[in-house]
Amino acid sequence: NGNVYTLAASDDTLYAVGLFTAASGVADADKIAAWSSSTWHPLGTGMNGSTFALAVTDNTLADDTIYAGGAFTLASGVANTSRIAAWSDDTWQPLGTGMNNTVQVLVATDDTLYAGGDFGNLSPFSGASGVANTSRIAAWSDDTWQPLGTGMNGSVYALAATDDTIYAGGAFTEASGDANIIRVAAWANNTWHPLGTGILGTVRALATDDTHGLLYAGGDFTTAGSVTANRVAVWDMGIDTWIPLQYATGQKGVGGPVRALKVDDSVVYLGGDFTNAGGDSNADRVARWTWDAPQGSNAVTGAVGDAVTITGEGFVGVPQTGGVLVGSIPATYTRNDSTSITFTVPAGVSGVQTLSVTGVGGSGTVGTFTAPTPPPPITYPPGAPTGIAGVAGDGQVSVSWTAPVSAGSF
């Protein structure tokens, strides 16, 4: 009977949070409910305020635990469940003493829960259970809240995780005091890192493609790095560059804010407030972007060991190795940007060979490579023998000589 803001699934159960106070009339489904066995179920008596964020774990952090965050101050009346709480063993449990302001987003890795939002906006920026420097972002690990640097100077609305990096997006213009980190940041090796020159406008959604080394960002922005990227862009980790979602010339991005992203290999799904995508007015509030395989029309030559540059479209998400083939032989290479690659001609290449590049959209032919034709071999006769001598015998002659220095090439 009210808005749903976030969904999460675990095993055979779907969880929903939002502004609702009932789910199909089920009592106590207040701001949170679980769908299983074809019916809605309450989680305790729910929350006393809006709920925006969910994270579901079945790992070493806490087996089969549901984490919820929002603007509520109590979960089922349990003390210290202010803006964040954990549902485990059929009861709500506090995480420290909670937060001092709204939790907007949660993401869980194997051993850590990360929370982002509006908390910690007042000095000493102790937004998570009084822990210093937990401004707008904090990590729950080993039953305590921990800071990530000194946090952000503005709200965090989006989080995403890969094996070794946490990405944050929002309205901040500094992370740990670094003014080069604008609205999107990467936490790795215990420090915040910028992603290029950041994003011009609020980031509201993030999604990672760890296989291809890509981070997608959506929000209210019009520029990512130095490129026009209306409300959606991708950071290619292999070349440290923001790329708009535009394969050929034409309109970039979508016509309104992006609030949700989901990645499925070469396909990206977007949801939000837009009414067109790439100029298509049929894309009302939801759209799908599909990467094409690399394309090109190169006709290049070179000898073994030469550095050769090829150009084309769709050189996005190309792996560090194995992404360029000359015929069937892999080449070593450097990606210059999303449209240019320089490779070293591998040994064993001869004649005319197909060039192919593999990116997020698959493997595509980008032209041909021609190895130089070797000159015909030079032929010459053998040298003359020396030291020729003959010894007469009974009806025969024994002849001896010294072989020539050159045997020739016949």
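Me: What relative accessibility makes Arg-259 partly exposed?
Reply: This is a predicted model: local features need pLDDT of at least 70, side-chain atom pairs count only at pLDDT 80 or more, and totals for chains, interfaces and linings use all residues. Numbering runs from 1 along each chain as its sequence is written, and side-chain values use heavy atoms, leaving out hydrogens and water. Buried means under 20% relative accessible area, exposed over 50%, and partly exposed in between (1.4 Å probe, protein chains only). Arg-259 counts as partly exposed because its relative accessibility is 44%.

Me: Which residue forms a salt bridge with Arg-259?
Reply: A salt bridge puts a side-chain nitrogen of Lys or Arg within 4 Å of a carboxyl oxygen of Asp or Glu. Here the closest N and O atoms are 2.8 Å apart, and the partner of Arg-259 is Asp-273.

Me: How many residues apart in sequence are the parts tied by Arg-335 and Asp-236?
Reply: Their salt bridge has its closest N and O atoms 2.7 Å apart. Arg-335 lies in strand β31 (residues 333–337) and Asp-236 in strand β22 (residues 232–236), so the pair ties together parts separated in sequence by 99 residues. Strands are DSSP runs of E, at least two residues, numbered from the N terminus. Both residues are buried, and the separation asked for is 99 residues.

Me: Is Lys-31 buried or exposed?
Reply: Lys-31 forms a salt bridge with Asp-30, at 2.8 Å between the closest N and O atoms. Its relative accessibility is 12%, so Lys-31 counts as buried.

Me: What distance separates the C-alpha atoms of Leu-215 and Trp-242?
Reply: Leu-215 lies in strand β19 (residues 214–219). Contact means heavy atoms within 4.5 Å, and Leu-215 has Trp-242 among its contacts. The two are 27 residues apart along the chain, with their C-alpha atoms separated by 9.3 Å.

How values were computed
Helix = DSSP H or I, 4+ residues; strand = E, 2+ residues; numbered from the N terminus. Lists of a residue's contacts leave out its neighbours within four places in sequence.
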